[in-house]
Amino acid sequence: MGLAAKLYSFVVIRGFKVWVSYKTQVALNFISWTIPVFLYYFIGLTFGASKMSMAIASNYSYTAFATVGIAFQGYFSSAVATLAGRIRNEELIGTLEYQMAAPLKPMSLMFYSTVWGFVINSISTVTVLAIGYGLGIKYIINPLSTFVVLLLYMVSIIGLNLISGAVVLIVKQGNPVALFTSVATNILGNVVFPVSILPTWLKDMSYALSLTWALDGLRKAMLSGDGLSSMVNDLVVLTILSVIYIILGIWLTNYAFKKILEQGTVHMY
Amino acid sequence: MPHYNYQLEKDLYTQPDIEFMPAVEFANVTKRFNKIVAVENINLTVNDGEVIALVGPNGAGKTTLLRMAAGVLLPDSGKVLIYGIDAHRAEAKRHVGFMTPMDRGVYWRISALDNLVFFGTLYGLSVKEARRRGLELLREFGLAERANDWVATYSTGMMRRLELARAMMHDPDILLLDEPTSGIDVDGKRIILDHIRRLKGRKTIIMASHDPQEIELADRVIYLNRNIVNTLPTLKIVKVLVKGTLPPLDGFRITDLGDGSYVIYASIDRFNDLIKKLASMDGGLRVIDLNVEVAFAERNARIEERMNRRGGGPWV
C-alpha cells in the first residue's frame, strides 16, 4: 500500500504531471529523442552499409547498431542527469526539506526520486526502437537474454543515480557525475561507434562503464537473438560494475545525507 | 452500549513500562554553523498538548530549534527527542508536522490537492486517504474551491494556508510552525489562528513568532537568544520592541524610537494583558524583539531606576 502510493506520488504527481505542465518541453523531449536516430541513419547511408558493417563486425546494419545504442544510452546519461536535476530542483523549490522531514529513509527517498527517470527514459527507449523499426531494422529478440542484461544494466544505473544524487546533495550546483555520464558516454559508451576503434587509453575508460557492456549484450540479445551463453563476458563484467556502482552509491548517499543534516544545508541551494 | 475497559485504565496507571514522555525534549543542545553559534546548551521540555511560543530577535536560533525538532538538522551536541526518540529517526518524524516561513516548499505547477496527496503519501497514507484528508483540510482552510488549481495561481496567504494544511496531512501529534501567519492578510491570518486555537490542548505546538496574535495563543512564552534566557512567567519586566502603527496603550510605558518602532515596558503580571492588546490590533504591527530582565528584586529596582533616568531600554 505505502509503496504503491509513494510510487504514484513520485511518478504520476511529481513526475508526469509536472512534466506535462511544460508542454513545449514535452515536444522538445520527443524531438531530441528522435533526431539522433535519423542523424546516424543518414550517416550510415552516406558511408555505405558494407563499410559501416565492417566497422562493427556484426551481421546487422549500422543503423541497427546505432539505434540500440541511442535507445538504451538514455538510461545511462539522462536517467542520471534526471535524478541529479530532480534533487537540484527540489532544493531550489524548497521541497527537499519537507521530503526529508517525512519518515522516509535516505535510500527510499533516492529510490522513489529515481523512478521517474526510468519511466521517462523507457518512453524514450520505446520511441527510438519504434523509429528504428520504421527505418527497416529487423529485431531478433531473445527475451531471456534481453531481460537479464537489462536487469543488470538497471542495477548499475541505480548505483550511478545514487552517486550522482549524492554529489548534487553536497555540491548543490555543478555535478561532475551527471556531466560525465551525459556527455562523455556518447564518445566512450559503445553508443554510435564500437569501442574497438578507440585508442587504448580511451578504450580502458570505456570498459569501466556499464553502458559499454550493456549495449554489447543488448545488441546480441535484440539484434542477433543470442542466448546467455554467448554473452558471458558481458554479463560478468556488468555484474561486477553494478556491484561496485551500487556499493559506492549507497555509501555516498548515506554520507551525503548525514553531511547535509549536520551542515544544515537541506533547505539551501 | 459501549462497555468501559477497566483493565485498560488499570494498565495505564499500574504498568511500570508505560511512561508519559514529554512530547519534545531538547537536552543540552548546541548547534553551530561554522563559527557562528546558533543555539547553545538549550534545555527545554515541551509537554504533550502544550502550546509554546519561541520569541526573540532574528538570528536567535528559533528556526534552528524547529529544524532540529523536525529532524532535518542534527545538533552538534546534545539530544533532540520526540516522545523519547531521536528527532531525525523516521519513527519520530511520523509524529511531527513542520512548516517554515517561505513561499517555497510546494510544487507550483500542480494543484493544491495534488500537493497534499503527494506529501500525505510520504507519511504512509494511501492515495485515497490522502485525497480525502486533503479535501477535508482544503475545506477547513477555505481553499476547497481552488483545490484543483495550480498553486502558482495562489496568493501568498493562500499558499501559507496550504503549507499549514500540508503540515497537518498526517494528523501529527506535534506541530512545528515557523511564523505561521507572516506576510498574509487579515482574513488568511484569522483562518490560521482559528485553526491553531482549535488545536490547543489536542496537539503540541511550538511556534517561532514575532506576532502578538500568535504569541497570545501560547501557554508558555520562551525567550530565546542563542540560549534560553527564561520562561516568561518567572520574570518581572518585559520589554517589547514593536514596529508599526501603535495606538495609545493606557497603563504601559512606551518609548518612541522615532523610526516607526516603539519599546513597550510591561511588568510580567501585565504581559498577557499587553499581548492581548497588541493582538487585538489588526494591521502592520509586528513584535520585532521581546527582551526580558532577570527577576531579582534589587536588580529590578536598578533597572527601573535606569529606565526612568534614560527613558529607554537596550535599543535606545
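Which residue does B:Leu176 stand opposite in strand 8 of chain B? B:Ile206.

First, the conventions. This is a predicted model, where local features need pLDDT of at least 70, side-chain atom pairs count only at pLDDT 80 or more, and totals for chains, interfaces and linings use all residues. Residues are numbered from 1 along each chain as its sequence is written, chains are lettered from A and ligands numbered from 1 in the order written, and side-chain values use heavy atoms, with hydrogens and water left out.

Now the strands. Helices (H or I, at least four residues) and strands (E, at least two) are DSSP runs, numbered from the N terminus. Strands pair if DSSP finds at least two bridges between them. Strand 7 (residues 174-178) of chain B runs parallel to strand 8 of chain B, with 5 bridges. Between these two, the chain passes through helix 7 (residues 186-199) of chain B, a right-handed β-α-β crossover: clockwise from the first strand over the helix to the second, with the strands pointing away from the viewer. Strand 3 (residues 51-55) of chain B is also parallel to strand 8 of chain B, joined by 4 bridges; B:Val51 has B:Ile205 as its bridge partner.

Is strand 8 of chain B buried or exposed? Buried means under 20% relative accessible area, exposed over 50%, partly exposed in between (1.4 Å probe, protein chains only). Of the 5 residues in strand 8 (residues 204-208) of chain B, 5 are buried, so the strand is largely enclosed by the rest of the structure. B:Thr204, B:Ile206 and B:Ala208 cover one side, B:Ile205 and B:Met207 the other.

Last, helix 6 (residues 156-168) of chain B: 12 of its 13 residues are buried.
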